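Please open the model in your viewer and keep the selection panel at hand. The stops below say what to select next and what is there.

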Amino acid sequence: MEKELADVTAKPLSIIFEKSWRTGEVPEVWRKASITPVFKKGKKEDPGNYRLISLTSTPGKVMEQLILDVISKHVEEKKLIGSGQHGFTKGKSCLTNLIVFYYRMTGWVDGRRAVAVVYLKFSKAFDTVSHNFLIGKLRKCGLDERTVRWMENWLCDRTQRVVISGAESS
């Protein structure tokens with residue numbers, strides 16, 4: 001059944017995706033999220049025992065992934081991210097970052113060098129990044145203007161509502 005639906009929907013969706021990218025216009029429904037609390041464990045009366053899930057449009061998510069692939073390929077080809085970057089980098093993670101850190105620190109300690117460490121925590125960093133700053137960075141790194149315009153529109157006028165047991169907030 002899924003394969004049959006894929007065959008029927010692939011062509012119209014590809015036309016919609018192409019038009020959205022060419023015009024830089026993102027359908028409003030793609031920028032609307034429904035926030036749903038999902039119970040984790042503990043007492044159900046405690047709001048801290050719920051994880052918030054953001055549900056968005058499936059075509060919007062697919063298009064977002066296509067744009068991410070374009071940006072990732074550009075960043076990789078232009079070598080815009082240094083080898084020291086571990087987060088959000090293919091093949092690297094917090095663990096690889098920790099291994100590199102440990103290797104360097106033990107090397108310095110073994111060499112009787114002074115070592116000082118400062119820890120910083122970026123809490124909800126993506127919630128505080130200026131969209132204008134991000135768009136400016138995308139342009140500065142030479143990303144094509146259509147993709148930048150699409151991203152700019154994707155970030156603009158986003159809305160969300162809370163949905164609990166079928167009831168929706170405004």
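Begin by selecting Asp157, which counts as exposed because its relative accessibility is 60%, where exposed means over 50% relative accessible area, buried under 20% and partly exposed in between, with a 1.4 Å probe and protein chains only. Asp157 sits in the loop between helix 6 and strand 3 (159-164), and although it is not a glycine, its phi is positive, at about 55°. Helices (H or I, at least four residues) and strands (E, at least two) are DSSP runs numbered from the N terminus.

This is a predicted model, in which local features need pLDDT of at least 70 and side-chain atom pairs count only at pLDDT 80 or more, while totals for chains, interfaces and linings use all residues. Residues are numbered from 1 along each chain as its sequence is written, and side-chain values use heavy atoms, with hydrogens and water left out.

Ser165, a residue other than glycine, has a positive phi near 50°, and with a relative accessibility of 81% it counts as exposed.

**The whole chain**

Now zoom out and colour by secondary structure: the protein has 6 helices and 4 strands, running α-β-β-α-α-α-α-α-β-β from the N terminus on. The radius of gyration is 21 Å, well over the 15 Å that the globule rule gives for 170 residues, so the protein is more spread out than a compact globule; this radius is taken over C-alpha atoms, and the rule is 2.2 Å times the number of residues to the power 0.38. Along its principal axes the C-alpha trace spans about 65 × 50 × 35 Å, and 17% of the 170 residues count as buried. Of the contacts (heavy atoms within 4.5 Å) with a separation of 6 or more, 52% join residues 24 or more positions apart.

**The largest nonpolar core**

Which residues of the largest nonpolar core touch the most other members? Select Trp30, Trp150 and Met151, which do so among its 15 residues; such a core is a set of buried Ala, Val, Leu, Ile, Met, Phe, Trp, Tyr and Cys residues joined through side-chain atoms within 4.5 Å. Helix 2, helix 5 (131-140) and helix 6 (145-155) each supply at least two residues of this core, and helix 6 gives the most, with 5 residues. Staying on Met151 and leaving aside neighbours within four places in sequence, you will find contacts with Ile67, Ile71, Ile135 and Leu138.

**Glu64**

Select Glu64 in helix 2 (residues 58-77), which counts as partly exposed because its relative accessibility is 36%. Not counting residues up to four places away in sequence, Glu64 touches Trp150 and Trp154. Glu64 and Trp30 are 34 residues apart in sequence, and their C-alpha atoms are 9.5 Å apart in space.

**A nonpolar surface patch**

Finish with Leu95, Leu98, Ile99, Phe101, Trp108, Val109, Val115, Val117 and Tyr119, which make a nonpolar surface patch of about 870 Å². Patches are made of residues with over 30% relative accessible area and no salt bridge, joining like charges within 9 Å and nonpolar side chains (Val, Leu, Ile, Met, Phe, Trp, Tyr) within 5 Å; a salt bridge is a side-chain nitrogen of Lys or Arg within 4 Å of a carboxyl oxygen of Asp or Glu. Within this selection, Val117 lies in the loop between helix 3 (94-110) and helix 4 (125-128), and is partly exposed, with a relative accessible area of 38%.

Key. Areas by Shrake-Rupley, 256 points an atom, 1.4 Å probe, with all protein chains shown as cover.
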